[in-house]
Amino acid sequence: MKKLEKKKVVVMEHLNLDDIGLTDRVQYNAAVANFNQIQRTVNSNTDEIKSELDSKANLHDINDKIDALNEDWKARLKRVTLGTDEETIESIVTKILIEKGVI
């Protein structure tokens, strides 16, 4: 059974519009309507924004994993170049022994 999640609602702080010169009732009502629309838009997009942020965090984690793998490959390439990579040496020796009919 799927767990129901509560949707987080962002409540904006009440602004004193006298400070910005909106003392006229018509201007005040228009500003309040605009802020209400902004608040509804923010609330309706909260899940989408959270999803996008989670996606970016996942990309960061993937980049970290790629960087770690890249370092591992560089280290293995260095061992192969120096002839000290045991896995490669074992594979080559086994191949030669099979070619010579020893195994």
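1. Secondary structure. The chain of this predicted model has two helices and zero strands, where helices (H or I, at least four residues) and strands (E, at least two) are DSSP runs numbered from the N terminus. Residues are numbered from 1 along each chain as its sequence is written. Local features need pLDDT of at least 70 and side-chain atom pairs count only at pLDDT 80 or more, whereas totals for chains, interfaces and linings use all residues, and side-chain values use heavy atoms, with hydrogens and water left out.

2. Helix H2 and its end. Helix H2 contains 14 residues, and its first and last C-alpha atoms are 20 Å apart, close to the expected 20 Å at 1.5 Å a residue; the expected span is 1.5 Å times one less than the number of residues. Just after H2, Gly101 adopts a positive phi of about 80 degrees.

3. Burial and surface. Of the 103 residues in the chain, 6% are buried. Buried denotes under 20% relative accessible area, exposed over 50%, and partly exposed the range in between (1.4 Å probe, protein chains only). The chain exposes about 9600 Å², of which carbon and sulfur atoms supply 58%; accessible areas come from the Shrake-Rupley method with a 1.4 Å probe, and for residues only the protein chains shown count as cover.

4. Nonpolar patch. Ile89, Val93, Leu97, Ile98, Val102 and Ile103 form a nonpolar surface patch whose accessible area together is about 530 Å². Patches consist of residues with over 30% relative accessible area and no salt bridge, like charges being joined within 9 Å and nonpolar side chains (Val, Leu, Ile, Met, Phe, Trp, Tyr) within 5 Å. One of the patch members, Val102, lies in the segment after helix H2 (86-99). Val102 counts as exposed because its relative accessibility is 57%.

5. The structure holds six salt bridges, each defined as a side-chain nitrogen of Lys or Arg within 4 Å of a carboxyl oxygen of Asp or Glu. In one of them, Asp54 pairs with Lys50, with the closest N and O atoms 3.1 Å apart. Asp54 and Lys50 are separated by about one helical turn because they are four residues apart in helix H1 (residues 25-82). Asp54 is partly exposed, at 37% relative accessibility. A salt bridge also joins the side chains of Lys74 and Glu71, at 3.9 Å from N to O. Lys74 and Glu71 both belong to H1 and are three residues apart, about one turn of the helix. An α-helix has 3.6 residues a turn, so residues three or four places apart point the same way. Lys74 is partly exposed at 49% relative accessible area, and Glu71 is likewise partly exposed at 49%.

6. The network around Asp85. Which residues are linked in a network of salt bridges? They are Arg76, Arg79, Asp85 and Glu87. Within the loop between H1 and H2 lies Asp85, which is buried with a relative accessible area of 5%. Asp85 forms a salt bridge with Arg76, the closest N and O atoms being 3.1 Å apart; Arg76 is partly exposed, at 22% relative accessibility.

7. Further contacts of Asp85. The side chains of Asp85 and Arg79 are joined by a polar contact of 3.3 Å. A polar contact is a pair of N or O atoms within 3.5 Å; within protein, one must be able to donate a hydrogen and the other to accept it, and residues adjacent in sequence count only if both atoms are side-chain atoms. Apart from its neighbours within four places in sequence, Asp85 is in contact with Arg76, Arg79 and Val80, contact meaning heavy atoms within 4.5 Å.
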